[in-house]
Amino acid sequence: MGLRYLLGRLAVMIPVFIVVVTVVFFMIRFAPGGPFDSEKQVPPDILKNLNAKYHLDEPLVQQYLRYWGDLSRFDLGPSFKYANRTVNEIIAESLPVSAELGLISLVWALLIGVTAGGLAALKPNSMFDYIPMSFSILGICLPTFVIGPLFVLVFAVWAGWLPVGGWNTWQDRILPSLTLGFAYAAYISRLTRGGLMEIRSQDFIRTARAKGLSEGRVIVKHALRGGLLPVVSYLGPAMAGIISGALVTEQIFNIPGLGRFFIQSAVNRDYTVVMGTSLLYFSLIFVANFLVDIVYVFLDPRVRYE
Amino acid sequence: MEPILELKNYQAHFYTRRGIVKAVDGISFKVHPGETLGIVGESGSGKSVTHLSYLRLLPSPPLRIVGGEVRFKGKNILTLPDRQLRDLRGKSIAMIFQEPMTSLNPYMKIGAQLIEPLLIHTVMNKKDAWKKAIAALERVGIPNAEPAMNRYPHEFSGGMRQRVMIAMALTTDPAVLIADEPTTALDVTVQAQILDLLRDIQKDTGMAVVLITHDLGVVAGLADRVVVMYAGHVFEEGSAEDIFYRSAHPYTLALLKSTPRIDVPQGALPVIPGMPPDLSRLGKGCPFYERCGYHMDVCVTEFPTSHQFGPEHESFCYLERPPQ
Amino acid sequence: MSSEVMTINTTTIAPPIQEDDSAGVSLWKDAYHRLLKNKLATFGGLFILFEVFICIITPWIAPYGFDTQNLELTLAKPSAAHWLGTDTLGRDLFTRLLYGGRISMMVGFLASMVSVIVGVVYGAISGFIGGKLDNFMMRVVDVLFALPFVFLVIILMVFFGRNIFLLFVALGFTQWLTMARIVRGQVISLKEKEFVEAARSLGISNWGIIYRHLIPNTLGPVIVYLTLTVPSVILDEAFLSFLGLGVQAPMASWGTLISNGVEVMEIAPWALLFPAITLSVTLFSLNFLGDGLRDALDPKGAKD
């Protein structure tokens, strides 16, 4: 039943994905100043690679289909700047680092966010409410590239407790992931608080109380499920945000992740790396969102019957 | 017969920024086992707040129980520690509400919700509770009760959901069922069904029912005795016959006269002029003063004392004789 | 026993309770008053006005050229000559902050206008036409919502060069989605309202309805979200500039300044702190103002 809902979502995701891939394809081919601009002076060994790889002599349609073929084998082509490296290699080296950073950040975000929001909802208008919620404004308004350096200034430079950058020891993991996760912890804490408070004022909570359930049971068995739905919905955008936030975080903390390579490629105009990585990111985001949708369907029975 | 539920001079106020809202200001009435007591009043009369407050279902600030007693089986429950009140609530005193559409948890199957009171208040295991819940569903007229247990609330219509609510309240065999406007949100035909169901169940179980409503028609069909409330006070209390045929209070009379009837030709419908008073700005006198056709100077000074008009019939008005 | 007909007595001895004198205040006036009561929002609004003013008069008050280098005095601490110190090339940071502000704010407002225009048009069409087209258009929005547009902007920047005009447009395109949703929601709820039916029955054309009824009623939320879009765009631009992909040297926005500041933060923290604080306070102010506007325009009334 929820299947219909999910299929509906897919039905739109897939065309958008196709459009994105097509746009990517045409951008690489035809962008002014792009790699295949006939006026550009391309070093001969790169040119050889490109022609071999992209079959530039073939009709456009065939090239397009080849591109899809490559993609289905997860082949993103050669780097434009480095003659003997492929995009896949570069990604393989740096993705695990970013994935680790992203995951830890997400864990922080959920832990801090749900706890703070939950406490605030339990004791509204108290210190447990005002203090975390004020902090959350900071998290929402301040960009990662302001929070990160500030954290570094305070905890690394002035206090000296944590390292300034790098990705070797476990201490290295702390500041970057906190930085990245902070903004999302802020959102999640607000969503949790809002969701729980709204649920609390719902009629069915009153019914649960009228049945004689203890407050704890009311919250855990009745309020939590509905109250956390906004947080679950938010996970999709949160993951997308973490991915883009990682770009900045890796820069600030000198972390050899995919984000940093992406930026370098963007600055160096390594078109294939840029496009390939973007496609990868987009795919990840689509998949993540779809997974969130599936979880949501499980949690909210009403959606299953739309 | 000893009343199973008795309120004596019960007062509950809301302490808000704009002032103290005297939602319930000194009401007294009795409910006897096996009887249906109808509580009638317009919005703001305090009819719902009364019961919600002593069951501690309202947030406490801003609510404060200011005075009086609420006795269940002779014992004053206002002084009970929370834990013990919770034991009573849902088990011996059950309450159902007006909006069946939103009163059930949309994220849980009704079976899970139905067995909850049993699991908490009794020592039944899940299996037995499940069976009892199914029996309760059948009692309230839900077809295919067993598979229904695994359905979600949104799969049922409004009337069916209200039946589920009633079933849920019944599972623990409560001594008193407080029904707060149980039919207001339902179609007229469904209303009648639900009321019949309540009457039926009452006959079987001997449970007392407190039926809160603004609709005199609902009360007429079902209630043995009636209490009329206004602005946090009781204006009149008596048997259903007393109230309908021998009412002694100007407010009750006005209510009756303003109820449309299809059996008697009518001209313009008489209306009670004015608006209900602001409960944060009540004086010491009768709150109905401004809208009352019979008001006298003495009415402003102090709330009327009780006048007996029959063995069970009491009215709170300074009028010596019932108005016509 | 005389039978009296119940007399409906309308004269009263005690005066009736006076309610607050609410003689129909217009939505805007009411909103304005409520906004003023919200101190944070008012402060935010005033601060923004102040900043805009400063931006306008920058050329007249900046003590140095934004590009004037002084290699004798690099990374100097704040002093009388250089209120906020200097950067690695000896450029006065106060001046850079002022000019950076101009760019950040300009990009912010202009890009937001782009997003408003696109969003309003898209949302209005989707909402007004309704039906399957609306369904489809909104599904597309749903999916696009998930994509971090920053990537698309980066891609555009990489492929088409670092044109500041392109930057406006690209950034504007990253924000139209929310606006579209809101406008569509408004249009849909308004479409069904009775006063539209009334207007129709009086013979007013569809366009007439759009101009005189739908648009004025949509203005409120549009303004609110415009105020909330600006900080998002400023943030996106700062993000890009921080990474070196936004505004290009020698021009600098706050993002660039922060990026420069990060590089030297261990030895010259003021170079980081001043632009960071300025950016943050600006973002706060805009957000508070936007939140305040949203609360003020919400017809559902006071919170407590």
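In helix α9(C), the buried residues are Trp254(C), Gly255(C), Thr256(C), Leu257(C), Ile258(C), Ser259(C), Asn260(C), Gly261(C) and Val262(C). A residue is buried if 20 or more other C-beta atoms lie within 10 Å of its own, exposed if 12 or fewer, and partly exposed in between, with C-beta atoms placed from the backbone. The helix covers residues 254-263 of chain C, and nine of its ten residues are buried. Helices (H or I, at least four residues) and strands (E, at least two) are DSSP runs, numbered from the N terminus.

This is a predicted model, in which local features need pLDDT of at least 70, side-chain atom pairs count only at pLDDT 80 or more, and totals for chains, interfaces and linings use all residues. Residues are numbered from 1 along each chain as its sequence is written, while chains are lettered from A and ligands numbered from 1 in the order in which they are written.

Turn to chain A. It has twelve helices and zero strands. Of its 306 residues, 42% are buried. Two residues are in contact if their C-beta atoms, placed from the backbone, lie within 7 Å. Take the contacts in chain A between residues at least 6 apart in sequence: 75% of them join residues at least 24 apart.

How confident is the predictor in chain A? pLDDT is its confidence in each residue, from 0 to 100. The mean for chain A is 80, and 87% of the residues reach 70 or more.

Chain B is divided into domain 1 (5-82 + 177-316) and domain 2 (102-173). The bounds come from an automatic or database domain assignment. Taken over C-alpha atoms, the centres of the two domains of chain B are 30 Å apart. Ten residues of domain 1 are in contact with eleven residues of domain 2. On the domain 1 side, helix α7 (residues 188-205) of chain B gives the largest share, six residues. That side has eight nonpolar, two polar and no charged residues.

Now the strands of chain B. Two strands pair if DSSP finds at least two bridges between them. Strand β1 (residues 5-16) and strand β4 (residues 63-72) pair in the antiparallel sense over eight bridges. His13(B) has Arg64(B) in β4(B) as its bridge partner. β4(B) also pairs with strand β5 (residues 75-76), antiparallel, over two bridges. Arg71(B) stands opposite Asn76(B) there. β4(B) and β5(B) form a hairpin with two residues between them, and Lys73(B) in the turn has a positive phi of about 50°.

Why does Leu85(B) count as partly exposed? Because it has 18 C-beta neighbours inside 10 Å. Leaving aside neighbours within four places in sequence, Leu85(B) is in contact with Arg56(B), Ile77(B) and Leu80(B). The C-alpha atoms of Leu85(B) and Tyr54(B) are separated by 9.4 Å, and the two residues are 31 apart along the chain.

Methods
Ala, Val, Leu, Ile, Met, Phe, Trp, Tyr, Cys and Pro count as nonpolar, Asp, Glu, Lys and Arg as charged, and the others, Gly among them, as polar.
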